[in-house]
Amino acid sequence: MSRFRYPQPPPSEITPEHVYLSRRDWLKAVGLAVGTAALAACAPRALKPASTAPAEPVPHDELGDPATPYDIVTSYNNYYEFSTDKRAVADRAQGFPTDPWTIEITGLVHEPLTLGLEDLLKRFPQEERIYRLRCVEGWSAVIPWQGVPLATLLKAAQPKAEARFVRFVAVYDPEHMPGQRNYQTFPWPYTEGLRLDEAMHDLTFMATGLYGKPLPVQNGAPLRLVVPWKYGFKSIKAVVRIELVAEQPATLWNTVAPNEYGFYANVNPQVDHPRWSQATERRLGEPGRRPTLMFNGYEEQVAALYAGMDLEKHY
Amino acid sequence: MRAWALTLLRHGVAWWPLAALLLDAWLGRLSPNPIQDWTQRTGRAALTMLAFSLSATPLAWWRPLRWLKPWRRTWGLYAFAYAVLHVYLFVGVDYGWRWDWLWDEVLRQKPYIWLGAAAWLILAALAATSPRRVARRLGARRWKALHRAVYVAAGVAWWHQALAAKGNAFALQGDVGRVWRYGIVIAALLAARVGRWGWLRWRAARRASPAQAG
């Protein structure tokens with residue numbers, strides 16, 4: 001398997017937050033642009049992007065697309081534990097206790113680990129990755145993360161030969177997570193899973209921060225999975241346990257709606273969600289749509305993992 | 001009530017959703033996905049105006065509210081206007097007139113698109129036959145039969161909304177409260193019409209054969 005070297009910008013190229021247009025100004029510009037387009041229906045013209053060009057260069061992904069502004073990334077979140085309303089999550093997440101936080105790496109390993117978050121940050125060097133995030137709902141973003149490759153953590157625990165899958169478990173805290181009280185049809189806590197080779201892939205990442213800051217609660221503080229070639233729901237937030245197992249583990253969305261959300265959930269413009277097409281997406285901060293890329297643009301790096309598999313069947 | 005106040009009410013409720021949208025856009029209160037806000041909120045306004053329109057007749061059965069009956073047409077036309085805006089936003093602004101992408105979406109038989117399109121076409125037919133001149137030419141009986149399709153449009157539009165909503169409305173998972181509130185209101189309005197029709201028929205039958213009743 002070829003090793004993928006991820007192009008990383010030096011920290012000096014990361015734009016300080018104040019340079020970005022403030023959220024309010026940006027929303028006003030684009031919201032009104034849509035409205036103007038809507039009301040000028042008699043004279044249809046392509047919607048012009050609002051003037052959002054910042055004064056200094058913003059970080060870009062390797063395809064040349066700019067990172068989504070911090071204010072958007074931290075105010076538009078799918079996190080049912082707090083709310084099904086993406087815009088209400090950030091508010092309701094305030095005050096969620098993430099300190100102290102313990103993470104266990106357990107199951108079929110030779111060296112089970114129990115780490116406090118500070119231990120993890122001290123023991124493993126942090127890296128930066130700029131990844132595209134594609135939500136199964138049809139929107140996307142580009143996010144500069146900091147964190148540790150999952151493979152680094154797994155190797156520290158030394159998986160046993162019979163380990164085939166990795167199971168992730170998120171925190172269960174109904175006292176602070178209203179969604180775990182209110183949405184009784186979901187089997188809380190949130191769980192996710194990866195095949196071991198997917199988990200060991202260079203791109204698979206455990207994020208502890210974004211835009212050079214500690215991870216905000218609404219983005220999965222203090223520690224979350226990021227699997228950039230899969231739909232966002234695979235990237236489980238607020239992880240407390242990583243378990244190596246022999247059988248494919250049950251995952252939350254696959255349990256709730258197996259016909260809509262598969263175990264693999266690879267981004268794939270050819271395979272539709274039963275209720276909508278996945279061929280295009282809206283990039284947050286951009287007007288209109290863009291085509292969705294196979295494996296979210298990481299085909300070169302990950303296609304080999306699925307050689308010979310029927311991706312219609314293993315969606 | 002004064003005439004001007006009634007006119008204000010009649011048109012004010014219809015303009016409110018658009019005014020609120022523009023206000024939210026002006027104040028920067030839309031989400032980072034503003035096209036979705038615009039599309040969803042104009043669609044919801046269309047369904048709301050449809051429910052308002054369907055409520056005019058049952059409310060007008062109560063004598064002090066008789067004057068409400070013609071408002072069903074006003075509100076029905078506003079519903080169609082919002083539906084036009086909704087479709088324009090989807091096709092023109094969201095998809096930027098990319099017919100190849102849209103065709104893909106439709107060709108792959110996403111039921112929510114078909115249902116939305118069906119509801120839109122019914123509303124278009126009702127709007128087209130709404131002017132008195134056209135209605136007269138159609139004849140009262142045929143006009144009435146055609147305009148009963150407004151209930152079909154409401155049901156189909158509701159189904160369209162339920163399929164596009166977050167979560168699974170039919171398994172009561174996710175963000176489904178609003179979908180079901182709309183569903184209950186629309187079903188109740190239809191039940192009111194059917195119920196009254198049944199009751200009037202039953203009463204007429206009783207009156208027609210007083211011997212048996214006595």
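Which residue forms a salt bridge with A:E127? The partner is A:R129, and the closest N and O atoms of the two are 2.9 Å apart. Keep in mind that this is a predicted model.

**Salt bridges**

- Searching the whole structure over all chains turns up 20 salt bridges.
- Let's go back to the opening pair: A:E127 has 33% relative accessibility, so this residue counts as partly exposed.
- Some salt bridges share partners, and that joins A:D65, A:R134, A:E281, A:R283, A:E286 and A:R290 into one network.
- Two members of that network, A:R283 and A:D65, meet through their side chains in a salt bridge of 3.8 Å, N to O.
- A:R283 sits in strand β11 (residues 280–283) of chain A, while A:D65 sits in the loop between α1 (23–39) and α2 (70–73) of chain A, so this pair ties together parts that are 218 residues apart in sequence.
- Are those two residues buried or exposed? A:R283 is buried, and A:D65 is buried as well.
- Another salt bridge joins A:E137 and A:K86, with the closest N and O atoms 2.8 Å apart.
- That one links distant parts of the chain too: A:E137 is in the loop between β3 (127–134) and β4 (139–149) of chain A, A:K86 is in the loop between α2 and α3 (89–93) of chain A, and the two are 51 residues apart.
- A:E137 counts as partly exposed because its relative accessibility is 28%, whereas A:K86 has 10% and so counts as buried.

**Aromatic rings**

- Over all chains, a search of the whole structure gives 28 aromatic pairs.
- Take A:Y80 and A:W253: their ring centres are 5.5 Å apart and their planes are at 80 degrees, so the pair is edge-to-face.
- Here again distant parts of the chain are linked, with A:Y80 in the loop between α2 and α3 of chain A and A:W253 in helix α8 (residues 252–256) of chain A, 173 residues apart.
- Why do both count as buried? A:Y80 has a relative accessibility of 9% and A:W253 has 11%, and buried means under 20%.
- A:Y131 and A:Y298 make another edge-to-face pair, because their ring centres are 6.0 Å apart and their planes are at 80 degrees.
- A:Y131 belongs to strand β3 of chain A and A:Y298 to the loop between β12 (290–291) and α9 (299–302) of chain A, so the pair ties together parts 167 residues apart in sequence.
- Both of these tyrosines, A:Y131 and A:Y298, are buried.
- Ring pairs also link A:Y80, A:Y183, A:F186, A:W188, A:F233, A:W253 and A:Y261 into a cluster.

**Charges over rings**

- In chain A, the charged end of A:K213 sits over the ring of A:Y70, 4.8 Å from the ring's centre.
- In chain B, the charged end of B:R98 sits over the ring of B:W101, 4.0 Å from the centre.

**A buried threonine in chain A**

- A:T84 lies in the loop between α2 and α3 of chain A.
- With a relative accessible area of 6%, A:T84 is buried.
- A:T84 and A:T191 are 107 residues apart in sequence, and 17 Å apart in space from C-alpha to C-alpha.

**Chain B and the second largest pocket**

- How many helices and strands does chain B have? The count is 10 helices and zero strands.
- The C-alpha trace of chain B spans about 70 × 45 × 40 Å along its principal axes.
- Of the 214 residues in chain B, 45% are buried.
- The second largest pocket holds about 1200 Å³ of space.
- Its lining is made up of 36 residues, and B:T57, B:R72, B:W143, B:H147 and B:R193 lie nearest the centre.
- Elements giving two or more residues to this lining include α2 (34–60), α3 (71–94) and α9 (177–208) of chain B.
- Sorted by class, the lining has 19 nonpolar, seven polar and 10 charged residues.

Definitions and conventions:
Residues numbered from 1 in each chain as written. Chains lettered and ligands numbered in written order. Heavy atoms only, no water. 1 Å grid on protein atoms, 1.4 Å probe; cavity = no way out; pocket = protein on both sides within 12 Å on 5 of 7 lines; lining within 4 Å. Points joined across faces, edges and corners; volume = space filled by probe spheres on them. Helix = DSSP H or I, 4+ residues; strand = E, 2+ residues; numbered from the N terminus. Nonpolar A, V, L, I, M, F, W, Y, C, P; charged D, E, K, R; others polar. Salt bridge = Lys/Arg side-chain N within 4 Å of Asp/Glu carboxyl O. Buried < 20%, exposed > 50% of the residue type's maximum accessible area, 1.4 Å probe, protein only. Phe/Tyr/Trp six-rings, centres within 6.5 Å; stacked < 30°, edge-to-face > 60°. Lys NZ or Arg CZ within 6 Å of the ring centre and 35° of its normal.
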